[in-house]
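This briefing is written to be read alongside the sequence and the coordinates.

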Amino acid sequence: MRLLPRELETLWTLFTAPVVWALHFLVCYLTVAIHCAKVDPGASLAAIRFMLAVATVLALATIVLSATLAWRQWGFGTQEPPHEEPTREDRRLFQGFATLLLSALSFVSVLFVALPLAAIERCAS
Amino acid sequence: MILTLPLIISCQGEQSTLNTAGSEAEDIAHLIVVTAAAGAIVWVCVVGLMLFAAARRGEPMAEQSAGLVIAWGGVVLPASLLFILLAYVLFSMPATRPWFEKSRADVEIEITGEQYWWRVRYLDERGNVLFENANEIRLPAGRKVRLLLRAHDVIHSFWLPSLAGKMDMIPGRTNILWLEPERVGIYRGPCTEFCGTSHTRMSMQALVLEPQAFASWVEEVSSARKSPADARAHGQEAFLQHGCGACHAIDGTAARGRLGPNLTRLFERDRIGAGASANDPSGRMAFVRNAGAIKPGALMPAFPEINESDLRAISDYLGAAR
Ligand SMILES: [Cu+2]
């Protein structure tokens, strides 16, 4: 049994990276909001920041994984877009390419979402 | 020349983000300059590329180099520029929106947005009200000021552009705004969240004083009230007789109303009605006669029944120092 399937023919893999981005966004904002509002207003965020930094690394790793699979699906960059023929092959390549672009977007977005962690030290009450 | 006009005219005056008089406002002004400059550079690059493309007159580029231009100019460059700008903005946040321990405050003032005026209460170290004023705040230069921003009815927004950033006043919440005025002067702050028909006639004045002058002002206001001079006793009588005291307080008298602005120190306000009218006899008389004609929707009734001499006496009474 392989850890990663050789071929994954489903539309869902297209959304992996944006979904990770959305989840990472929710985890970051909800954790800090709930912590500051309910647990300890005015508290230092050191522990939370560390936790969310780990979450960020995990999110980025997942996105890189999704990008790698997409890169493979796209034929390792050997094929030229646009993949617009009504063939099974072109559908596969198109999806790989689109997934790769979405992964790149999500990667940058996760970084942008995580950036405030570097600047914000504590809850302001 | 024409292009620079908006810059020149907005750089002056008592209500300008670019004419700074406080440390927070200064950092915000830096932020504006840096982001505007970055935007200008991007604009020049984009227009430059456009001209470059036009100059080629449809000569095709090699596919390889076109791809590189798109990848670097269209993806890497904008993403990293945005990343740098975002980082700059985030790291300037402690300066543009400072937050300290409560105990660091030299002065604490609670300001409540009301339709369509500002209730201003100066607090002592334990948070008790020292005295109340309205539509004007006085601040000591070079001191840390902690403002507690509240709203009585609807959302208002507090903004003294020359001193600090903007913050909403939300019913049921207390928002904290720290600021540190640096330059003595008079600054203006409009309400910046639509709050009803007279929203545009709701502004306040901030007077930044030397710390010494501020301290003696506080001392003067919070020390025992003198009763008005005899010549104005008639004005006070008329004020009470016409029921003004139901809504307005004048410290040291029987007028203890809480609904409207405290009028004890009306005499030192530059304007009345939160900036709506001049603070002179005709302005005061017109306002008392029919506040709604000057501020539509104002929560003060008209007084058509007061005779002219009583009205004048009330106006003189309110306009006189005490
Ligand atoms: Cu308002």
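**Copper site**

In this predicted model, the copper ion is coordinated by four atoms of chain B, namely ND1 of H156(B), SG of C191(B), SG of C195(B) and SD of M202(B), at 2.1 to 2.5 Å. The angles among these four donor atoms run from 99 to 121 degrees, and the site is tetrahedral.

*Donors along the chain*

- Read along the chain, the donors of the copper ion follow the spacing H-x34-C-x3-C-x6-M.

*Interface of chain B and chain A*

- The size of an interface is often expressed as the accessible area that is lost when the parts come together.
- Between them, chain B and chain A bury about 1000 Å², and 79% of this area is on carbon and sulfur atoms.
- Within chain B, the residues that lose the most area to chain A are F83(B), L90(B) and W99(B), which together account for 52% of what that side buries.

*S23(B)*

- S23(B) lies in helix 2 of chain B, which covers residues 23-55.
- S23(B) has a relative accessible area of 17% and is therefore classed as buried, the cut-off being under 20%.
- Leaving aside residues up to four places away in sequence, S23(B) touches E180(B) and E182(B).

*I137(B)*

- I137(B) belongs to strand 4 of chain B, which covers residues 136-140.
- I137(B) counts as buried because its relative accessibility is 0%.
- Although I137(B) and Q205(B) are 68 residues apart in sequence, their C-alpha atoms are 6.4 Å apart in space.
- Q205(B) is also one of the residues that I137(B) touches, when residues up to four places away in sequence are not counted, and the others are I111(B), V120(B), Y122(B), F158(B), L160(B), M204(B), A206(B) and L207(B).

How values were computed. Residues numbered from 1 in each chain as written. Chains lettered and ligands numbered in written order. Predicted model: local features only at pLDDT ≥ 70, side-chain atom pairs only at ≥ 80, totals over all residues. Heavy atoms only, no water. Donors = N, O, S within 2.8 Å, 3.2 Å for Na, K, Ca; no water. Tetrahedral: all angles 85-135°; square planar, octahedral: opposite > 155°, others 65-115°. Buried area = accessible area lost by both parts, 1.4 Å probe. Helix = DSSP H or I, 4+ residues; strand = E, 2+ residues; numbered from the N terminus. Buried < 20%, exposed > 50% of the residue type's maximum accessible area, 1.4 Å probe, protein only. Contact = heavy atoms within 4.5 Å.
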